[in-house]
Amino acid sequence: MESSAAPTVSAGHDAGPAPVDLLRRLRARGAGDPVTHVERVPARVGVPAPWPAWAPPELRAAFARRGVVAPWQHQAEAATLAYDGGHVIVATGTASGKSLAYQLPALATLLADPRATVLYLAPTKALAADQLRAVAGLELEGVRPACYDGDTPRAEREWIRRHSRFVLTNPDMLHHGILPGHAQWSGFLRRLAYVVIDECHTYRGVFGSHVAHVLRRLRRQCARFGATPVFVLASATSGDPATAAGRLTGLPVTAVTEDASPRGGVTFALWEPPLLPPDSATPAVPAQAAGDHDATTDLVQVRRSALRETADLLADTVAEGVRTLAFVRSRKGAEVVAANARRALDDAVPGLGDRVAAYRGGYLREERRELERALLHGDLLGLASTNALELGVDLVGLDAVLICGYPGTRASLWQQAGRAGRSGQEALAVLVARDDPLDTYLVHHPEAIFGAPVEATVLDPANPYVLAPQLACAAVEAPLTPADLALFGDGAKEAIDQLVEAGALRQRPTGWYWRHRERPEVDLRGEGGAPVCVVESATGRLLGTVDGGSSHFLLHPGAVYLHQGISYVVDDLDLADGCALVHVEEPDWSTHARDVTDLSVVSVRSYVDAGPVGMFLGEVDVTSQVVSYQRRRIATGEVIDTRPLDLPTRELRTVAVWFTLSPRSLASAGVQQADVPGALHAAEHAAIGLLPLMATCDRWDIGGLSTALHPDTEAPTVFVYDGHPGGAGFAERAYGTASAWLRATRDAIAECGCETGCPSCVQSPKCGNGNNPLSKPDAIRVLDVVLENLPA
Ligand SMILES: [Zn+2]
Ligand SMILES: [Zn+2]
């Protein structure tokens, strides 16, 4: 901390300084101004609407007892659309009351028709339990809401099937339990009026593609019993929610996105840690060779770490008497932030550091309540923690929220920022950028955060690796008929033919029949080979599973593996047994695996011929091998060393987007022939880093390859591919938004203040080639050529 004045701490109940004044003091502490943008998000007055005329007095009275005097405008609008029989998605902010939008039409229907039923799906059991409490709390006659999931005792299951008219469950239970047991559920399904899909943005990628087919199977069973339920979906704000909901359900869906709920005002600052002068940066320890591609040193130019910056901000706000919560991605990171803030405060005023704590997962309920109490009374002023969703702490009345690194989606960002603000008071939120191209882009493009959302929830129901097993499940439930082909969409006929050829289905005049005695085993989260079990050596306890595709990256020997906030180190990865042995350990480094990749084009699905530039979407075969991993100091990001690994290669058939450029166009843009590989490689890294701006995904979901001459394209080419067999929709989304995506990529590189490239722009922690070669200025030239030629 650079402040020289001894801080004084105001009493806990005082309101801290106004957010604007506080921010002014924070940004004046160091040399230079790290703030790239300040957005005043004004307080919003709620817009109430009258109760819809169709809402029965009994239901209005029940909501009134719970304190709901009238719905907000968006709730009433979505509810009426659904009540009139339209499929609706309500995509509004955190705490905007999305549940009323589906409770209202669903419960009104249950009251009006004593036979009707409702099925509610949540991504987690905890959310379903919350909703159960809310619906049961309304005390409506004859609704008999009940959770039906893996924890439901056998003895209660039959009662629920027969008598509950509001069943709350999750997609896994629908897939494994309800649909295979449709005969027992026929009474319920026959009368099904509404299907509610809560938090539907969580159904993305391969998992989302599976859930999309589970919902089609549900619709098929309902149709067999003569029911056509209305679908009501709730989602975090996102780009194009109607399209995402349409893909998920296979139905036309209307979106309601205008949030009419009230909220407090927030002063939101975007904060970019300064670049360290080159000579003061910690030089990377030379990499140990794992192959000649690793024998380069990393570029040394770095920014001050987001953790250090967050720790200083936390110390400064606490010194001002401001109640502050800092969100940090990992538990170890949260501890580093809290420890550094404590040290800085104790240096200024001995004992002041005691008012900062790190939140460790696994606290007992009483301990969590004690933490809440200490924060409420001001004994504790600063808390560093991982994600609020894991927090289990009900924190209210915070004056400031520090967000260390973009949490991946706008929904999470607003959820974290939303923790700040006491009733009616202005609060401060600060997003501290990490050294990552997406963070760099966002702090220089506030419109991407505060303007209309562009990031979309993507899934690909046509993925053959999802479609075929799902069709097998459907065939067990009832023979497939030609009429089902349209329901299951593109690729269904081909997938059925393959199942016939493989001997799984038999074609008869009345349809396609499942030939085996056993049901197919299909895991909704299964991706690319059998999942690998993570087992604690000392106890034999199974901690969880990691899908086969990510296991080499996440569970190689020596990897630091985080599970529910607790850190483990991998002792051994036994691929034959599909099992990784780990022990509890919290080293002060993180690990980053690197792979080498080879890629060949199988087919082209779609392309844009733009003169010297070509943009393609198609199938590719990727061969990759994880060859080494890097250990990096958590507090500083400093590279400790690079260690070799001995893992087999893996094959992946997937979907890729790629662009080619003519050598002549590169030459006339000023890219020297020798610099072409570095230019393409740098553009590839940044493009991968920016894809989460367009689609909710992270680096593990995508991979890339660039080459100055690819044998299949016969041109300089950059490939970006889905890291899941058959594709998960990410490459397709990239292709569909190519010019916006590559424009953002170009801007992120150009706007990074470094000279030769750094982790904030063109370096990648996953690079299989040790971030070599990379040419930052030539990457901008490459992307300019693409953008000049590509139609918008
Ligand atoms: Zn940079
Ligand atoms: Zn690379």
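Which residues does arginine 781 touch, not counting residues up to four places away in sequence? They are Ala669, Gly670 and Val671, where touching, or contact, means heavy atoms within 4.5 Å. The C-alpha atoms of arginine 781 and alanine 669 are separated by 6.2 Å, though the two residues are 112 apart along the chain. Arginine 781 sits in helix α26; helices (H or I, at least four residues) and strands (E, at least two) are DSSP runs, numbered from the N terminus. With a relative accessible area of 33%, arginine 781 is partly exposed. On this scale, buried means under 20% relative accessible area, exposed means over 50%, and partly exposed is in between (1.4 Å probe, protein chains only).

A word on the ground rules. This is a predicted model, in which local features need pLDDT of at least 70 and side-chain atom pairs count only at pLDDT 80 or more, while totals for chains, interfaces and linings use all residues. Residues are numbered from 1 along each chain as its sequence is written, chains are lettered from A and ligands numbered from 1 in the order in which they are written, and side-chain values use heavy atoms, with hydrogens and water left out.

Now for the whole protein. It has 26 helices and 27 strands. Its radius of gyration is 27 Å, close to the 28 Å that the globule rule gives for 792 residues, so the protein is as compact as a globular protein of that length. The radius is taken over C-alpha atoms, and the globule rule is 2.2 Å times the number of residues to the power 0.38. Taken along the principal axes, the C-alpha atoms fill a box of roughly 75 × 70 × 55 Å. Of the 792 residues, 56% are buried. Among contacts with a separation of 6 or more, 74% come from residues 24 or more positions apart.

Next come the metals. The zinc ion (ligand 1) is held by the SG atoms of Cys752, Cys754, Cys758 and Cys761, at 2.2 to 2.4 Å. Donors here are N, O and S atoms within 2.8 Å of the metal (3.2 Å for Na, K and Ca); water is not among the atoms, so sites may look incomplete. Along the chain, the donors of ligand 1 follow the spacing C-x1-C-x3-C-x2-C. The angles among the four donor atoms run from 98 to 119°, and the site is tetrahedral, a label given to four donors if all angles lie between 85 and 135 degrees. The ideal angle for four tetrahedral donors is 109.5 degrees. Cysteine 752 and cysteine 761 are both buried.

The zinc ion (ligand 2) has His681 (NE2), His685 (NE2) and Cys767 (SG) as its protein donors, 2.0 to 2.3 Å away. Their spacing along the chain is H-x3-H-x81-C. Histidine 685 belongs to helix α23 (residues 676-690) and cysteine 767 to the loop between α25 (738-751) and α26 (776-789), so the pair ties together parts that are 82 residues apart in sequence. Histidine 685 and cysteine 767 are both buried. The loop between α25 and α26 also holds proline 773, and the peptide bond from asparagine 772 to proline 773 is cis, with omega near -5°.

Helix α12 (residues 331-348) is worth a look too. Its 18 residues reach 26 Å from first C-alpha to last, close to the 26 Å expected at 1.5 Å a residue; the expected span is 1.5 Å times one less than the number of residues. Its buried residues, including Val336, Val337 and Leu345, belong to a set that packs against α11 (306-319), β11 (356-358), β12 (382-385) and β20 (566-574).

Finally, some loop residues. Serine 96 lies between β2 (88-91) and α4 (98-112) and counts as buried at 2% relative accessibility. Its side chain makes a polar contact with the side chain of threonine 92 (2.7 Å). Such a contact is a pair of N or O atoms within 3.5 Å; within protein, one must be able to donate a hydrogen and the other to accept it, and residues adjacent in sequence count only if both atoms are side-chain atoms. Leaving out residues up to four places away in sequence, serine 96 touches Trp72, His74, Gln75, Asp259 and Ser261. Elsewhere, glutamate 714, in the loop between β26 (702-707) and β27 (717-722), has a phi near 55°, a positive value in a residue other than glycine. Glutamate 714 is exposed, at 67% relative accessible area.

Definitions and conventions: Tetrahedral: all angles 85-135°; square planar, octahedral: opposite > 155°, others 65-115°.
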